[in-house]
Amino acid sequence: MPTENSFDIVSDFDQQELVNAVDQTLREVQTRYDLKDAGVTITLTKTELIIEADSEMSLRSVRDVLETKALRRKLSLKIFDYGKPTDASGGRVRQVVTLRRGIDSELAKKLSKMIRDRFPKVQPRIQGDSLRVAGKSRDELQAVIAFLREREGEIPVPLQMTNYR
């Protein structure tokens, strides 16, 4: 029997689900009367999403459709970091949406401090873009998970708990 139990806190999303949400958004945009002639394009890369439309109003409508499709596919809206809409060529409007993945060092330090202050018997350790929480008691680790789920609204990225052993 292991003397120490642990789990990892990560921030990630399913890339394929995002691809499907973008495809569904494009399909709906092509059939919606108010967006059909708006010339909407959505370009998806590994780290960002670029939305182009004829006007800011069309851009907001496309964002609403994208967010609806993402929620239906169980993607958190916290993965989208919207930039300011900028003017593109031809009188069009472009918005770059950065996709959040991983826990940055500043947030990892903050989470580690929150966990240490509330649960002195567990040890949070920062490992790259994730956080490993270890402790002797499984009950203590489950209490940490419940604590983080309660505080989900305060944390700017979606968190998943993995590798529970």
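Phe 119 touches Glu 140, Ala 143, Val 144 and Phe 147, not counting residues up to four places away in sequence; contact here means heavy atoms within 4.5 Å. The model is predicted, so local features need pLDDT of at least 70 and side-chain atom pairs count only at pLDDT 80 or more, while totals for chains, interfaces and linings use all residues. Residues are numbered from 1 along each chain as its sequence is written, and side-chain values use heavy atoms, with hydrogens and water left out.

Phe 119 lies in the loop between H3 and S7. Helices (H or I, at least four residues) and strands (E, at least two) are DSSP runs, numbered from the N terminus. With a relative accessibility of 8%, Phe 119 counts as buried; buried means under 20% relative accessible area, exposed over 50%, and partly exposed in between (1.4 Å probe, protein chains only). Between the C-alpha atoms of Phe 119 and Leu 141 the distance is 9.1 Å, and the two residues are 22 residues apart in sequence.

Helix H3 comprises 14 residues (105-118), which should span 20 Å at 1.5 Å a residue; its end C-alpha atoms are 20 Å apart, in agreement. The expected span is 1.5 Å times one less than the number of residues. Buried positions in H3 are Leu 107, Ala 108, Leu 111, Ser 112, Met 114 and Ile 115. They cover an arc of only 160° around the axis, which puts them on the same side of H3; the arc is that of the directions from the helix axis to the C-beta atoms. Glu 106, Lys 109 and Asp 117 are exposed on the other side of H3. The cover over the buried residues of H3 includes strands S1 (5-10), S7 (123-127) and S8 (130-135), together with helix H4 (138-150).

In S1, 5 of 6 residues are buried. S1 pairs with S8 in the antiparallel sense over 5 bridges, where pairing requires that DSSP finds at least two bridges between two strands. Asp 8 stands opposite Arg 132 in S8. S1 is also joined to strand S9 (residues 160-162) by 3 bridges, and these strands run antiparallel. The bridge partner of Ile 9 in S9 is Met 161. Gln 160, also in S9, is partly exposed, with a relative accessible area of 26%. Leaving aside neighbours within four places in sequence, Gln 160 is in contact with Asp 8, Ile 9, Val 10, Ser 11 and Asp 12.

A salt bridge is a side-chain nitrogen of Lys or Arg within 4 Å of a carboxyl oxygen of Asp or Glu, and by this rule the count comes to 12. In one of them, Asp 12 pairs with Arg 101, the closest N and O atoms being 2.5 Å apart. Asp 12 lies in the loop between S1 and helix H1 (15-31) and Arg 101 in the loop between strand S6 (93-99) and H3, so the pair ties together parts that are 89 residues apart in sequence. Arg 125 forms a salt bridge with Glu 4, with 3.6 Å between the closest N and O atoms. This pair links Arg 125 in strand S7 to Glu 4 in the segment before S1, 121 residues apart.

The side chains of Glu 28 and Lys 69 meet in a salt bridge at 3.0 Å, N to O. Glu 28 is in helix H1 and Lys 69 in helix H2, 41 residues apart. Lys 69 is buried, at 12% relative accessible area.
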